[in-house]
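Here is a briefing on a protein model, arranged by topic. Look over the sequence and the structure before reading the points below.

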Amino acid sequence: MTDVTSSKSARRPHHWRHDLIELAALFTAVVVADTIAKSIVKGPDGPYLLVFSAIALVATAAFHTWWARRHSHASHAPPAGPTGGHSPVAVPVSTEEERAETGPVVPAETALWRMRTTVADTPGSLAALCTVLARLGVDILTLQTHPLADGTVDEFLLRAPAGLSAHALARETAAAGGRDTWTERADAHDLVDTPTRVLGLATRTALDAAELPLALRQLLGRCTLHSVPAVSLTGRPTGEPAPVEGVLEETVMRLRDPNGGTLIVERPYLPFTPTEFARARALVELDARLGPRVPRSQDVLTLPEGNEITVRRADQRDLPAARAMHDRCSARTLGLRYHGPVGDADRYLDHLLSPRFGRTLAVQTASGRLVALGHLLWDGDETEVALMVEDDWQRRGIGSELLGRLVAMAEETGCASVYAVTQSSNTGMVAAMRALNLPLDYQIEEGTLVITARLASAPRPAARPQHRETRQEQPHEGARRAEH
């Protein structure tokens, strides 16, 4: 922050008492000078003494003026603050002529970096690192410290000159005593301070149980999250569940899933710190205390033939209705959806409807019958979309409506792409993916078709005019949020 001081603002208004004092001093000086002059003039060397006195007075006045100007310029110089600090600096005001000669000030091009390094837990270690960063012209925007047993992990958000490379930044950091340095380009979203970001993630998790995996990803950065259920689809135990307090092992943390099973978070490129582990465990504990929950907002749509349907979020409480829909579906429809034996279809429902593995949209008729399901599934670093529409309700635009909403959800969560796995003969799914107006990649292997849609910087799906949409919101367990 810069303080600018002008000469006009530094002037103080004179008071009438000051004028009286100066006038009295002037009369006194005249009387004293007259008395001395009369005494000296009477002597033989009186004129010479007066001349020498005048010269001495002139020399003294000149020296006083030079001394005052020198100290006046020094007082306007900016104080020397600590290197790389943010202390206020006083600078003289430039005139219009000076600004015209120097031209407009063009800010230097900069780039945002996230940097994490480990320094010794000794006095002055952080100061040495900050001094090196200041010498490179790097501004420290935020700083977090993570204490360890053998040092301190310092996490910086930096604004550096655009010409400074990651290699040079890491090299200079190592020269200042930093080790295990990691750097990554940042963006404007990283400017949000950590407490605000954590509170926002906690709020999202409290409103929707499906937000927990996404919140953990955003909290911990670039990582992979796997949700391992306690038992497999065949009913066999999948392994020893994590303890209640969780386990931290360098680049892997295991957390107890409130729904049973284990949440495994991996980040191979950077070990987790105890602080990050504590934050992740607090989010999981919040999810466990709140229990099952899903936003109960819903949209009522009118199909071209006049039938009304309702699109809403679904969870494991819709399991009986979903199984009943399975019973009404043909073997071909179930085979296109699950790519396996039709008898195993019901086993997938409990997994698919769990908010831990993604989000599910359900379509029900005016009578309350469930006729379609759409799933957005978290698959490690990727996201899968899957659809199933009951036979009697196919070819009415329901699948395209669900797919457009699922893709919009994926965009909101920051996914770069979504993919769908189907059979090459499933022309309905292929048509729905093409209707998104997104760049598509196709991979076909032994009759299985994988269609990947890239979402980054892509336009939103086009609106479907055959649906007239109204909104009805129903609060559920204190959550009031519109879900599109």
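A crossing of two helices is called left-handed if the near helix is turned anticlockwise from the far one by less than a right angle, and right-handed if it is turned clockwise. By this rule, the crossing of H8 and H9 is right-handed. The model is predicted. The protein has 14 helices and 19 strands, and buried residues make up 37% of its 484 residues.

**Overall contacts**

- Contacts between residues at least 6 apart in sequence can be sorted by separation, and 64% of them join residues at least 24 apart.

**Helices H8 and H9**

- Two packed helices are described by the angle between their axes and the distance between the axes.
- For helix H8 (residues 211-220) and helix H9 (residues 274-290), the axes come within 11 Å and cross at roughly 165°.
- Angles over 145 degrees count as roughly antiparallel, and H8 and H9 are therefore roughly antiparallel to each other.
- On the H8 side, the contact involves Leu212, Ala215, Leu216, Leu219 and Leu220. On the H9 side, it involves Glu276, Arg279, Ala280, Leu283, Val284 and Asp287.
- The residues of this contact of H8 with H9 comprise 8 nonpolar and 3 charged ones, with no polar ones.

**Strand S10 and its partners**

- Is strand S10 (residues 262-266) mostly covered or mostly uncovered? S10 is mostly covered, as 4 of its 5 residues are buried.
- S10 pairs with strand S7 (residues 224-228) in the antiparallel sense, over 5 bridges. Within S10, Ile264 is the bridge partner of His226.
- S10 also pairs with strand S9 (residues 252-256) in the antiparallel sense, over 5 bridges. Here Leu263 in S10 is the bridge partner of Leu255.
- S9 and S10 form a hairpin with 5 residues between them. In the turn, Gly260 has a positive phi of about 100°.

**The sheet of four strands**

- An open sheet of 4 strands has the order S4-S5-S3-S6, and its pairing is antiparallel.
- Which strands stand at the edges of this sheet? Strand S4 (139-148) and strand S6 (179-185) do; each has a single partner strand, so one side of each is left without a neighbour in the sheet.
- On average, neighbouring strands of this sheet are turned by 15° against each other, direction ignored.
- Strand S3 (residues 110-119) and strand S5 (residues 151-161) run antiparallel and are joined by 10 bridges. The bridge partner of Arg116 in S5 is Glu155.
- Helix H6 (residues 166-175) packs on the sheet and touches S3, S5 and S6. The direction of H6 makes about 35° with that of S3.
- In a regular strand the side chains alternate between the two faces of the sheet.

- Most residues other than glycine have a negative phi.
- Glu250 has a positive phi, near 55°, and is a residue other than glycine. Glu250 is placed in the loop between strand S8 (247-249) and S9.
- Is Glu250 buried or exposed? Exposed means over 50% relative accessible area, and Glu250 counts as exposed because its relative accessibility is 57%.
- Asn437 is not a glycine either, and its phi is positive at about 60°. Asn437 lies in the loop between helix H14 (427-434) and strand S17 (440-445).

How values were computed: Residues are numbered from 1 along each chain as its sequence is written. This is a predicted model: local features need pLDDT of at least 70, side-chain atom pairs count only at pLDDT 80 or more; totals for chains, interfaces and linings use all residues. Side-chain values use heavy atoms; hydrogens and water are left out. Axes are lines fitted to C-alpha atoms, for helices over the stretch in contact, and angles run from 0 to 180 degrees between N-to-C directions. Helices (H or I, at least four residues) and strands (E, at least two) are DSSP runs, numbered from the N terminus. Angles under 35 degrees count as roughly parallel, over 145 as roughly antiparallel, 65 to 115 as roughly perpendicular and the rest as oblique. Contact means heavy atoms within 4.5 Å. Ala, Val, Leu, Ile, Met, Phe, Trp, Tyr, Cys and Pro count as nonpolar, Asp, Glu, Lys and Arg as charged, and the others, Gly among them, as polar. Buried means under 20% relative accessible area, exposed over 50%, partly exposed in between (1.4 Å probe, protein chains only). Two strands pair if DSSP finds at least two bridges between them.
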